[in-house]
Amino acid sequence: MEEQSKNKISEEEKQLHGRPNRPKGGLITMPFIFANEICEKLAVVGFHANMISYLTTQLHLPLTKAANTLTNFAGTSSLTPLLGAFIADSFAGRFWTITFASIIYQIGMTLLTISAIIPTLRPPPCKGEEVCVVADTAQLTILYVALLLGALGSGGIRPCVVAFGADQFDESDPNQTTKTWNYFNWYYFCMGAAVLLAVTVLVWIQDNVGWGLGLGIPTVAMFLSVIAFVGGFQLYRHLDPAGSPFTRLIQVGVAAFRKRKLRMVSDPSLLYFNDEIDAPISLGGKLTHTKHMSFLDKAAIVTEQDNLKPGQIPNHWRLSTVHRVEELKSVIRMGPIGASGILLITAYAQQGTFSLQQAKTMNRHLTNSFQIPAGSMSVFTTIAMLTTIVFYDRIFVKVARKFTGLERGITFLHRMGIGFVISIIATLVAGFVEIKRKSVAIEHGLLDKPHTIVPISFLWLIPQYGLHGVAEAFMSIGHLEFFYDQAPESMRSTATALFWMAISIGNYVSTLLVTLVHKFSAKPDGSNWLPDNNLNRGRLEYFYWLITLLQAVNLVYYLWCAKIYTYKPVQVHHSKEESSPVKDELQLSNRSLVDA
């Protein structure tokens, strides 16, 4: 049944063309997928990196309303990936979900670009000291519709494009085991390169040339991304959706609850197995029984009440297969480690807030006539991340492989752990840099002059920005690998959506942490760790070290979770063409053979 499912398309093509075709997927599809990712990320980042300026200078929205508009958009964009993943995994498939979501995003971008070009679709320019005319209801409606379409488009693109690219490598083929993790490295590299181009060139065009061209280039880039992606249709390895994964998980829970009073069978082989039913959701291998969370195994106990007859499909609300029970176990096991990445995002988020405020008070001149915009300081993070990815892929893995024997050098759990340690160092360093910045301000009598540039070079900030980039190259890519690798095969779009959800939660935790620190560090004399107006009078270093302490506690928590973590065991069915005498091979998550 599994072989029939895998070879269905190729057999039909042989009949139509009278000759065998090359296998679907593989490295030949990567130019199409990477071209799509570069253009799409260039479009998305170029569209939103400077959007706060567009809302305040072109639509004349008050700063708070503009900020809330973008915050609401970001929140919605973080929720829609779950919807997109559900659609992809349930019935539409990843290719068509990405395609239609990209078209929806394209419509939204086109709409906003047109409004930036046609004068009647935005308020008139401000004149002198006159009060600026705020965008009217119709003009704001165009904005909100464009942002809503963008949020819906993001919901289909974010959770699917990473998983679809990894799908192009057949996990049942031992010769391809290293290509998937290579894909994650180069996917993140392409994404980072596009972000770097967007936050430099496109932002400069928007500020210095015009918004029509500044938004038009991302819109065209998005169109090209759709063309590039669809152009590889005949080469892609398309995996059919296997029905709603959420329904299957709920069914296991309900069946286990119904049979909660039953005694567990003494031999796991007595539990219910059905390869034919599980074939569509186990093309890469069948999940085998694990001893953990044995209360869920009761969902696979066959009783007289199940009225199970030979060849009959059972009522899954009463009886589930072992494979489906193990799907739920895998999802539950992923939770603690998946959540551990939230605080790293919280630390990373400070670059766009307090680190940026630090940069604004420092000397950023490279020459007498040119200075780096404070908002472009993230360039150093991106460069560090890209450099680390190349180093990791070309040098680190080869060296580590000699010691571990693993093709990927180290497991993704080890990779995440290294990222956590580097992130702790980054926020620790940030605190000492702030002490140095304030000491220079005190020396020059600038403590109560928040708008005066402190005579200290912005180069002092590069270590913390760079360390965050290195941490992201280790932890974020390892985090993404973890979600994809350990998720049930039929839930990989959903797992990628969970990766984006963790990023979203990390940003929300940052907002909550800043709010609490600002509230509880306030003193009657008006002093505060995080002052509203004068950073020189604050205690930002305490805030950085608080995050450092929280990350250290989180690291201990992560190490404990990684120590007790059980990789999902997969019984791989090798293809008939392979010469290996072993038909079935039991592997831990198909690739991760060494416990972290």
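The bend at a residue is the angle between axes fitted to the seven residues ending there and the seven starting there. Keep that in mind for the first stop. One caution before it: this is a predicted model.

Start with helix α14, residues 378–404. Where is its kink centred? On tyrosine 392, with an angle of about 45°. Tyr392 is also buried in α14. Other buried residues of this helix include Val379, Met385, Leu386, Ile389, Asp393 and Val397. Just past the end of α14 comes glycine 405, with a positive phi of about 80°.

Now the inside. The largest nonpolar core has 85 residues. Which members touch the most others? They are Tyr54, Leu55, Tyr183, Tyr187, Tyr188, Leu413 and Phe482. Helix α6, residues 137–167, gives this core its largest share, twelve residues.

Last, the cysteines. Cysteine 160 is buried, at a relative accessible area of 0%. Cysteine 190 has 11%, and under 20% counts as buried, so cysteine 190 is buried too. How many disulfides are there? The count is zero. For a disulfide, two cysteine sulfur atoms would have to lie within 2.5 Å.

Note on methods: Residues are numbered from 1 along each chain as its sequence is written. This is a predicted model: local features need pLDDT of at least 70, side-chain atom pairs count only at pLDDT 80 or more; totals for chains, interfaces and linings use all residues. Side-chain values use heavy atoms; hydrogens and water are left out. Helices (H or I, at least four residues) and strands (E, at least two) are DSSP runs, numbered from the N terminus. Buried means under 20% relative accessible area, exposed over 50%, partly exposed in between (1.4 Å probe, protein chains only). A nonpolar core is a set of buried Ala, Val, Leu, Ile, Met, Phe, Trp, Tyr and Cys residues joined through side-chain atoms within 4.5 Å.
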